[in-house]
Amino acid sequence: QVQLVESGGGLVQPGDSLRLFCAASGLTMDVYAVAWFRQAPGKEREGISCISTSDGSQHYSDSVKGRFTISRDNAKNTVYLQMNSLRPEDTAIYYCAADYRLWCGYESYDYWGQGTQVTVSS
């Protein structure tokens with residue numbers, strides 16, 4: 001029974017930081033590619049960051065590059081998304097997803113979490 005659970009979202013002001021958590025059960029996360037997505041009301045789901053199993057490489061969309069960092073803690077079977085310099089346009093529900101494959105990306109993930117709300121407002 002594979003489960004992914006996101007946490008760490010909340011209400012912050014522009015310029016603040018948050019750290020999101022994606023905790024896995026039923027799988028060993030270090031052999032799964034993991035991606036973070038977000039979806040704002042009325043907008044398409046957007047892939048923003050992923051980490052590969054092949055070489056641990058990290059990837060970011062242009063909208064978050066330089067502000068967000070994805071990382072793994074294999075002992076905790078958890079993937080993190082450190083979000084700095086948050087902007088109102090970062091407001092969305094954030095989801096993590098995992099797939100048993102070498103290379104990450106933003107298509108065809110088998111397992112998804114329920115999402116965590118991030119609101120950036122002054």
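I looked up the salt bridges, taken as a side-chain nitrogen of Lys or Arg within 4 Å of a carboxyl oxygen of Asp or Glu, and the count comes to five. The model is predicted, so I note that local features need pLDDT of at least 70, that side-chain atom pairs count only at pLDDT 80 or more, and that totals for chains, interfaces and linings use all residues. Residues are numbered from 1 along each chain as its sequence is written, and side-chain values use heavy atoms, with hydrogens and water left out.

I then went through individual pairs, calling a residue buried under 20% relative accessible area, exposed over 50% and partly exposed in between (1.4 Å probe, protein chains only). Aspartate 90 meets arginine 67 with the closest N and O atoms 2.8 Å apart. Aspartate 90 lies in the loop between strand 8 (78–83) and strand 9 (92–99), and arginine 67 in the loop between strand 6 (58–60) and strand 7, so the pair ties together parts that are 23 residues apart in sequence; strands are DSSP runs (E, at least two residues), numbered from the N terminus. Aspartate 90 is buried at 0%, and arginine 67 is buried at 8%.

For glutamate 46 and arginine 38 I noted 2.9 Å between the closest N and O atoms; glutamate 46 is partly exposed at 27%, whereas arginine 38 is buried at 6%. Arg38, Glu46, Arg67 and Asp90 are linked in a network of salt bridges.

I also looked up aspartate 99 and arginine 101, whose side chains form a salt bridge at 3.2 Å, N to O; aspartate 99 is buried at 8%, while arginine 101 is partly exposed at 21%.

Technical notes
Helices (H or I, at least four residues) and strands (E, at least two) are DSSP runs, numbered from the N terminus.
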